[in-house]
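The sequence and structure are shown here for reference.

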Amino acid sequence: MHEFIYPHQFHLIKQQLKTIVYAKDSSTDLNVVEAVREMALERIYNAFINLTDDQKNTLEPIHHISNKEEMETCLYSLKKQVIPFPKISQQMVEKAFPKAKKLKAPAMENIDLRETVYLRWYDKGSNKTYMLAPNEEKLVSLQGFLEPTQHKGICSICNGLEEVSLFTAERKGRIRGTYSKSGNYICKDSEVCNQNISTLEHLYFFIDHIK
Ligand SMILES: [Zn+2]
């Protein structure tokens, strides 16, 4: 079977299974626990369209989670079905950012590609932050400046309440050769941001705003 779970869907499954385990741990009312479980499962299934029978069978264990150990075992096996973020080569970086001279591909060794929705890295040489993010079936490239200062706020990419910094990108104006600036607050830490993403709608909106 082909991998069929996108990283953001995996994060959603993880978040929802946690709410089931939490309900089990904190409530003695079986009806409450069952209601939480039903809602969590519904949210998970709503994130998938046209599951095959094989895929349904793969997801089946999520119905029987009742403690942390079971959750972790389940997530461990589901993770094998996650479509990893592509390994980014130097050649791909040069193609994605043709004007960025000497920009190096990010170090991929320490990145968990099955938990990566979008890739973000800082380039010391240009003092810029670069991103490769999924949009429909392809990767789009974004670049801009990420302020070094941070504060608690809502991130435009993951919608989480986190330590955020202002990301400013230049975008092409309607008239050729003109530029306008657009700023958004985004998570300071891209790993935190990635983990928070369980739906792509905010990310798509962010890309639309920048591009
Ligand atoms: Zn974020």
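Glu115 and Lys14 are both buried in this predicted model. The two residues form a salt bridge, with the closest N and O atoms 2.8 Å apart. This pair links distant parts of the chain: Lys14 belongs to helix 1 (residues 7–26), Glu115 to the loop between helix 5 (90–96) and strand 1 (119–123), and 101 residues separate them.

A salt bridge also joins Asp112 to Lys79, the closest N and O atoms being 2.6 Å apart. Here again distant parts of the chain are linked, since Asp112 lies in the loop between helix 5 and strand 1 and Lys79 in helix 4, 33 residues apart. Asp112 has a relative accessible area of 35% and is therefore partly exposed. Lys79, with a relative accessible area of 22%, is also classed as partly exposed. Lys14, Lys79, Asp112 and Glu115 are linked in a network of salt bridges.

Lys68 counts as partly exposed because its relative accessibility is 49%, and Glu72 counts as partly exposed at 44%. The count for the model comes to 6 salt bridges, including the pairs tabulated below.

| Salt bridge | N to O distance |
|---|---|
| Glu115 and Lys14 | 2.8 Å |
| Asp112 and Lys79 | 2.6 Å |

The nonpolar residues form the second topic. In soluble globular proteins, nonpolar side chains tend to be buried together. Which residues touch the most other members of the largest nonpolar core? Among its 21 residues, these are Met131, Cys155, Ile157 and Phe206. Two or more residues of this core are supplied by each of strand 2 (128–135), strand 3 (138–146), strand 5 (161–172), strand 6 (179–187) and helix 7 (201–210). Helix 7 gives the largest share, 4 residues.

Beyond its neighbours within four places in sequence, Cys155 is in contact with Gly160, Val164, Tyr185, Ile186, Cys187 and Cys193. Another core, of 20 residues, lies apart from the largest one and includes Phe10, Phe48, Ile62 and Val82.

Key
Residues are numbered from 1 along each chain as its sequence is written. This is a predicted model: local features need pLDDT of at least 70, side-chain atom pairs count only at pLDDT 80 or more; totals for chains, interfaces and linings use all residues. Side-chain values use heavy atoms; hydrogens and water are left out. A salt bridge is a side-chain nitrogen of Lys or Arg within 4 Å of a carboxyl oxygen of Asp or Glu. Buried means under 20% relative accessible area, exposed over 50%, partly exposed in between (1.4 Å probe, protein chains only). A nonpolar core is a set of buried Ala, Val, Leu, Ile, Met, Phe, Trp, Tyr and Cys residues joined through side-chain atoms within 4.5 Å. Contact means heavy atoms within 4.5 Å.
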